Amino acid sequence: MTTLTIVANIIAKTDKIELVKAELLKLIDITRAEAGCINYDLHQDNENPAHFMFYENWQTRELWQQHMNNTHLADYMAATEGAVASFTLNEMTKIG
């Protein structure tokens, strides 16, 4: 079985860094308890504090999709509306 790796980059607006950080931190414990979550690790760039990155591994893409449809992500989106400058998400497979 191949695990799914997710790399999500969130760039907060400069005046909204603390708001976005607080909301991202709320996602960690609840997501780590979800079915299929292997790891869910939040990082903050050392030189650009507005840049956050989640490094995630999931047992299957289906279980990750269940995570993406959960209420706590909708709550995060509502709480950070207008506070995020950009968001990119990559679905990746480990090859070595």
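**Strand, sheet and helices**

Modeller: Start with V84, which is found in strand 4. Helices (H or I, at least four residues) and strands (E, at least two) are DSSP runs, numbered from the N terminus. This is a predicted model: local features need pLDDT of at least 70, side-chain atom pairs count only at pLDDT 80 or more, and totals for chains, interfaces and linings use all residues. Residues are numbered from 1 along each chain as its sequence is written, and side-chain values use heavy atoms, with hydrogens and water left out.

Colleague: What is the relative accessible area of V84?

Modeller: 24%, so V84 is partly exposed. Buried means under 20% relative accessible area, exposed over 50%, partly exposed in between (1.4 Å probe, protein chains only).

Colleague: And what does V84 touch?

Modeller: Leaving out residues up to four places away in sequence, V84 touches I10, I11, A12, K13, V20 and Y76. Contact means heavy atoms within 4.5 Å.

Colleague: How many bridges join strand 1 and strand 3?

Modeller: Eight bridges, in the antiparallel sense; strand 3 covers residues 51-58. One partner pair is I11 with H51 of strand 3.

Colleague: Switching to T5. Buried or exposed?

Modeller: Buried, because its relative accessibility is 9%. T5 lies in strand 1 (residues 4-12).

Colleague: Which side chain makes a polar contact with that of T5?

Modeller: N57, at 2.5 Å. A polar contact is a pair of N or O atoms within 3.5 Å; within protein, one must be able to donate a hydrogen and the other to accept it, and residues adjacent in sequence count only if both atoms are side-chain atoms.

Colleague: Last one, helices. At what angle do helix 1 and helix 3 pack?

Modeller: About 175 degrees, with axes 10 Å apart; helix 1 is residues 17-32, helix 3 is 71-79. Axes are lines fitted to C-alpha atoms, for helices over the stretch in contact, and angles run from 0 to 180 degrees between N-to-C directions.

Colleague: Which residues of helix 3 make the contact?

Modeller: H72, L73, Y76 and A79.

Definitions and conventions. Pairing = 2+ DSSP bridges.
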